[in-house]
Amino acid sequence: NCYEVTINGSSVLLCDVPGFKDTEGPEVDIANGLGIIRAIKRAKSVKPVIILSREGMGDRFGAATQTLDTITRLMGKSTNA
């Protein structure tokens, strides 16, 4: 789901994307990851916001570090220093 909003006079597109390891298996995770990568590559700029909830993660909260590592690898190295 994506929503276009105006912030300080600039149009911003906010998108809620699927998480990792909370879908229908590794095949769906791969497909979701490829879709996210494709969208990021097409964007002029990307500023990810990651929200983790202890209650929402339940016993998966220990996987938060692995999820952040996956996202970092998907994003690649920043071109801005």
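Cys 15 is partly exposed, at 42% relative accessible area; partly exposed lies between buried (under 20%) and exposed (over 50%), with a 1.4 Å probe and protein chains only. This is a predicted model, where local features need pLDDT of at least 70, side-chain atom pairs count only at pLDDT 80 or more, and totals for chains, interfaces and linings use all residues. Residues are numbered from 1 along each chain as its sequence is written, and side-chain values use heavy atoms, leaving out hydrogens and water.

**The disulfide**
- The structure holds one disulfide, a term for a pair of cysteine sulfur atoms within 2.5 Å.
- Cys 2 and Cys 15 form this bond, with their sulfur atoms 2.2 Å apart.
- The pair links distant parts of the chain, 13 residues apart: Cys 2 sits in strand β1 (residues 2-7) and Cys 15 in strand β2 (residues 10-15).
- The torsion about the S-S bond of Cys 2 and Cys 15 is about 110°, so the disulfide is right-handed.
- Cys 2 is partly exposed, at 46% relative accessibility.

**Fold**
- The protein has three helices and two strands.
- Helices (H or I, at least four residues) and strands (E, at least two) are DSSP runs, numbered from the N terminus.
- Along the sequence, the pattern is β-β-α-α-α.

**Surface and contacts**
- Of the protein's 81 residues, 11% count as buried.
- The accessible surface is about 7000 Å², and 55% of it belongs to carbon and sulfur atoms; the areas come from the Shrake-Rupley method with a 1.4 Å probe.
- Among contacts (heavy atoms within 4.5 Å) with a separation of 6 or more, 24% involve residues 24 or more positions apart.
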